[in-house]
Amino acid sequence: MFRFIYRLFKYALIAALGTAAAAKLLLQSNAGPETEEIDMVSIFGSTELVSTAEPFYGGRVLNMFAGTVIDLRRATLAPTGAQLDLNVVFGGVSLVVPEGWRIRFDVKTVMGGVSDNTRTTADPDVPTVTVTGFAVFGGIDARTRPSVEAVS
């Protein structure tokens, strides 16, 4: 039984690496600081985006064997909220939001995880960032940081 699981995992990893290599060649990112709806691709590397979009509607992120940081502290959330579709395979995505933003997760995980370390306001009318997608052998983290951090 162990050999079967090992072979299954080995073939799944080879398929994921092949898919990631093909995706790296074929897919392009469309995500800049002022982009209102991002379309990010991060494969075999790290990507950081500091958004200043007014308003920010959300978008899609594909992360394979990589690390991605999306800093939304300078962005203005759309009055209707935003939707981010995060698809993570063997990697990680970190969302940084200002205090008062509400984050709601609807993410499917397979041997991965989701961590919500945000501080939200008690106001139920605050626009919400809805995070959907999946995390396979990877993770998604959301945290609150002040808009201006002290320099040490």
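This is a predicted model: local features need pLDDT of at least 70, side-chain atom pairs count only at pLDDT 80 or more; totals for chains, interfaces and linings use all residues.
Let us begin with Thr128, a residue of strand 9. Is Thr128 buried, exposed or partly exposed? Its relative accessibility is 22%, so Thr128 counts as partly exposed, because the buried class requires a value under 20%.

Which residues does Thr128 touch, once its neighbours within four places in sequence are set aside? The contacts of Thr128 are Leu77, Gly81, Ala82, Arg102, Ile103 and Arg104. For a sense of distance, consider also Gly100: 28 residues separate Gly100 from Thr128 in sequence, and their C-alpha atoms are 9.8 Å apart in space.

I now turn to Ser51. This residue is found in the loop between strand 2, residues 46-50, and strand 3. With a relative accessibility of 0%, Ser51 counts as buried. The side chain of Ser51 comes to 3.3 Å from the backbone nitrogen of Ala53. When neighbours within four places in sequence are again left aside, Ser51 is in contact with Pro33, Thr35, Phe56, Asp71, Leu72, Arg74 and Ala75.

The last topic is the aromatic residues. A pair of aromatic rings is described by two quantities, the distance of the centres and the angle of the planes. How many aromatic pairs are there in this model? The count is three.

Take Phe65 and Phe90: the ring centres are 5.0 Å apart and the planes stand at 5°. An angle under 30 degrees counts as stacked, and therefore the pair of Phe65 and Phe90 is stacked. Where do these two residues lie in the chain? Phe65 is in the loop between strand 3 (58-64) and strand 4 (67-71), while Phe90 is in the loop between strand 5 (82-89) and strand 6 (92-97). The two are 25 residues apart, and their pairing links distant parts of the chain.

Phe90 also pairs with Phe137. Here the centres are 4.9 Å apart and the planes are again at 5°, so this pair, too, is stacked. Phe137 belongs to the loop between strand 9 (128-136) and strand 10 (139-144). Phe90 and Phe137 are 47 residues apart, and this pair likewise links distant parts of the chain.

As for accessibility, Phe90 has a value of 23% and counts as partly exposed. Phe137, with a relative accessible area of 30%, is partly exposed as well.

Which residues make up the aromatic cluster? Phe44, Phe65, Phe90 and Phe137 together form one cluster.

Notes:
Residues are numbered from 1 along each chain as its sequence is written. Side-chain values use heavy atoms; hydrogens and water are left out. Rings of Phe, Tyr and Trp (its six-membered ring) pair if their centres lie within 6.5 Å; planes under 30 degrees apart count as stacked, over 60 as edge-to-face and the rest as tilted. Helices (H or I, at least four residues) and strands (E, at least two) are DSSP runs, numbered from the N terminus. Buried means under 20% relative accessible area, exposed over 50%, partly exposed in between (1.4 Å probe, protein chains only). Contact means heavy atoms within 4.5 Å. A polar contact is a pair of N or O atoms within 3.5 Å; within protein, one must be able to donate a hydrogen and the other to accept it, and residues adjacent in sequence count only if both atoms are side-chain atoms.
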